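Subject: Structure handover and findings

Dear colleague,

Please find the structure below, together with its sequence.

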Amino acid sequence: MLSVSRKARSFTESVIREMTRLCRAHGAVNLAQGFPDFAAPREIKDAACRAIEADVNQYAITWGAKGFRDAIAAKAERVYGMSVDPEREVAVTCGATEAMIASILAVVDPGDEVVVFEPFYENYGPDAILAGAVPRFVPLRPPDWSFDPDELAAAFSSATRGLIFNTPNNPTGKVFDRGELETIAQLCRKWDVVCFSDEIYEHIVYDGARHVPIATLPGMADRTVTIWTIASPELTSGIRKVHDFLTVGAAAPLQEAGAAALALPDAYYRELADAYRGRRDLLLSGLRDVGFRCEAPRGAYYILADASELGCDDDVAFARTLVETVGVGTVPGSSFFSRPELGRTLLRFAFPKRNETLTEAVARLRRGLTH
């Protein structure tokens, strides 16, 4: 009988995207998938429209249009003081998700080990499997979602080739401080390991937290792939080749819009973080009021909430009940762990939504979960 590969059988479809489909089927407020329900900045939309009207509709250079690569390098210099060569050290991919799998496939060989902090964004596990890598999971523990340096050190060996790292973190909202970054960097240098650093929420930080790119630490520039991607010329050459045969290239007019986005003033990003902080506080207060236990995330736009006091000991069943009978979509916590039982009382709520959307979600939770 015909069947799919062992690799494909070893992981499920995206739970996050599945919950979005359930939200649509049941008319639920979607706090599962992390996409905004408010408009993108006018400057970005106008740039995309201008590019379409100007017939910027053919393939860009496979690894990114020159204007977009230049904008990426300029932004890295302006914000972090990083010197980036747009001709040799940047590869534009079709989003951060493709950037991660292209980078892992370009660097990691089958049988190599990859260190992964957990809970983790759900794609990282399948990425390691598709590359034939062996993941070594290191726990992040509440309430501050920090790691034990000894446990991290024990995960490294001569077989370790990569470390997958996400700050600000999805799903916990953890922003790794400089001391934690230095611990990670020291181990990467010691064992000659490449750090795959997913920093897509870099500007969304709260309460005095500061994002520090791990590539800016001593000895890390040449051994870090910053997703989207910025890397050394040697690593970039491999990433560009893999990217070429995965997707060829990102849509040309949208790269023009991307360049416009990177040129937005610093005030835009400060205002963005302020707006998200308000959304965070609105949802956080509502979740606590109805009985969830949760800490305030210091970055990104997710709240990982413990529902044990609401009788949850099966996160998947509880999430389905919420979407089907309460009308609020979340993501079961087990999808962010290597062992599902570790997330059996947890749910992830996304808050990149209008205040009206979050207020409606809280109202539904109050009606459905309180008596």
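This is a predicted model: local features need pLDDT of at least 70, side-chain atom pairs count only at pLDDT 80 or more; totals for chains, interfaces and linings use all residues.

Residues are numbered from 1 along each chain as its sequence is written, and side-chain values use heavy atoms, with hydrogens and water left out.

**The parallel sheet**

Five strands form an open sheet in the order 3-2-4-5-6, and their pairing is parallel. Strands are DSSP runs of E with at least two residues, helices are runs of H or I with at least four, and both are numbered from the N terminus. Two strands count as paired if DSSP finds at least two bridges between them. Strand 3 (134–139) and strand 6 (224–227) are at the edges; each has a single partner strand, so one side of each is left without a neighbour in the sheet. On average, neighbouring strands of this sheet are turned by 20 degrees against each other, direction ignored.

Strand 2 (residues 113–118) and strand 4 run parallel and are joined by 4 bridges. Glu 113 has Thr 160 of strand 4 as its bridge partner. Helix 5 (residues 95–107) lies across strand 4, strand 5 (194–198) and strand 6, and runs at about 175 degrees to strand 5. Such angles run from 0 to 180 degrees between N-to-C directions, with axes fitted as lines to C-alpha atoms, for helices over the stretch in contact; contact means heavy atoms within 4.5 Å.

**The antiparallel sheet and its helices**

A further open sheet has 3 strands in the order 7-10-9, with antiparallel pairing. Strand 7 (302–306) and strand 9 (331–332) are its edge strands, each with a single partner strand, so one side of each is left without a neighbour in the sheet. Strand 9 pairs with strand 10 (residues 346–350) over 2 bridges in the antiparallel sense, and the bridge partner of Pro 332 in strand 10 is Leu 347. Helix 12 packs on this sheet, where helix 12 touches strand 9 and strand 10 and makes about 40 degrees with the direction of strand 10. Helix 11 (residues 266–290) lies across strand 7 and strand 10, at about 10 degrees to strand 7.

Helix 12 (residues 315–326) also meets helix 13 (residues 355–369): their axes come within 10 Å and cross at roughly 105 degrees. The two helices are therefore roughly perpendicular to each other, a term that covers 65 to 115 degrees. Phe 318, Leu 322 and Val 326 of helix 12 make the contact with Arg 364, Leu 365, Gly 368 and Leu 369 of helix 13.

**Backbone features**

Two cis peptide bonds deserve mention. One runs from Glu 118 to Pro 119, with omega near 10 degrees; Pro 119 is in the loop between strand 2 and helix 6 (124–130). Another runs from Asn 170 to Pro 171, with omega near 20 degrees, and Pro 171 is in the loop between strand 4 and helix 8 (178–191). Trp 145, in the loop between strand 3 and helix 7 (149–155), has a positive phi near 55 degrees although Trp 145 is not a glycine.

**The cavity**

The structure holds 1 cavity of 30 Å³ or more. A cavity is a set of points on a 1 Å grid over the protein atoms alone where a 1.4 Å probe fits but cannot get out, and lining residues have an atom within 4 Å of a point. The volume of the largest cavity is about 40 Å³, taken as the space filled by probe spheres set on the points, which are joined across faces, edges and corners. Its lining includes Phe 117, Pro 119, Tyr 124 and Asn 169. Strand 4 (residues 160–166) gives the most to this lining, with 3 residues.

Yours sincerely

Key:
On a 1 Å grid over the protein atoms alone, a cavity is a set of points where a 1.4 Å probe fits but cannot get out, and a pocket is an open set with protein on both sides within 12 Å along at least five of seven lines; lining residues have an atom within 4 Å of a point. Angles under 35 degrees count as roughly parallel, over 145 as roughly antiparallel, 65 to 115 as roughly perpendicular and the rest as oblique.
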